Amino acid sequence: DVRMALLDLKTRHLIEHVKNRGYRVINLTDREREDLIETRTVLEKAAVQLAAKRRTPQDIAELKAMVAQFDAAIETGDLDVLRG
């Protein structure tokens with residue numbers, strides 16, 4: 001499973017194989033980072049808009065509970081919850 005995951009990441013050009021060393025994360029250029037941020041912004045905006053259109057009262061209640069749990073974890077310093 002791990003080898004398949006590494007191969008998949010390599011195919012996506014997110015990591016590279018270094019002979020006799022293993023794998024490492026590819027260093028992106030400033031332009032590549034900017035492109036990635038722009039792309040993620042467009043996709044995340046679309047996802048939020050779709051989620052907002054499809055929300056239910058139960059979804060809202062679950063989100064409020066999650067926010068309350070997160071706020072409590074911040075107050076208590078519960079890193080397990082914060083890492084979630």
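The structure is a predicted model, in which local features need pLDDT of at least 70, side-chain atom pairs count only at pLDDT 80 or more, and totals for chains, interfaces and linings use all residues. Residues are numbered from 1 along each chain as its sequence is written, and side-chain values use heavy atoms, with hydrogens and water left out. The protein chain has four helices and two strands, arranged α-β-β-α-α-α from the N terminus on. Here helices (H or I, at least four residues) and strands (E, at least two) are DSSP runs, numbered from the N terminus.

**The hairpin**

- Strand β1 covers residues 15-18 and strand β2 covers residues 22-25; the two pair in the antiparallel sense over four bridges. Pairing is counted if DSSP finds at least two bridges between two strands.
- Within this pairing, V18 stands opposite G22 in β2.
- Three residues lie between β1 and β2 in the hairpin.
- As background, side chains in a regular strand alternate between the two faces of the sheet.

**Backbone angles worth a look**

- Which residue in the hairpin turn has a positive phi? N20 does, with a value of about 60°, although N20 is not a glycine.
- N20 sits in the loop between β1 and β2 and counts as exposed at 74% relative accessibility. The classes are buried for under 20% relative accessible area, exposed for over 50% and partly exposed in between, with a 1.4 Å probe and protein chains only.
- H13 also has a positive phi of about 60° and is not a glycine.
- H13 belongs to the loop between α1 (2-11) and β1, and its 59% relative accessibility makes it exposed.
- For context, most residues other than glycine have a negative phi.

**I15, a buried strand residue**

- I15 is in strand β1. Is I15 buried or exposed? I15 has a relative accessible area of 9%, so it is buried.
- Leaving aside neighbours within four places in sequence, I15 is in contact (heavy atoms within 4.5 Å) with L6, L9, K10, Y23, R24, V25 and I26.

- Helix α3 (residues 57-76) has 20 residues and reaches 29 Å from its first C-alpha to its last, close to the 28 Å expected at 1.5 Å a residue. The expected span is 1.5 Å times one less than the number of residues.
- G77 follows α3 and has a positive phi, near 75°.
- Helix α4 (residues 79-83) contains R83, which is exposed with a relative accessible area of 64%.
- R83 and L9 are 74 residues apart in sequence, and their C-alpha atoms are 23 Å apart in space.

**Overall dimensions and surface**

- The protein chain has a radius of gyration of 19 Å, whereas a compact globule of 84 residues would have one near 12 Å. This radius is taken over C-alpha atoms, and the globule rule is 2.2 Å times the number of residues to the power 0.38.
- Along the principal axes, the C-alpha atoms fill a box of roughly 50 × 30 × 30 Å.
- Buried residues make up 2% of the 84 residues in the protein chain.
- The accessible surface of the protein chain is about 8,000 Å², and 57% of this belongs to carbon and sulfur atoms. Accessible areas come from the Shrake-Rupley method with a 1.4 Å probe; for residues, only the protein chains shown count as cover.
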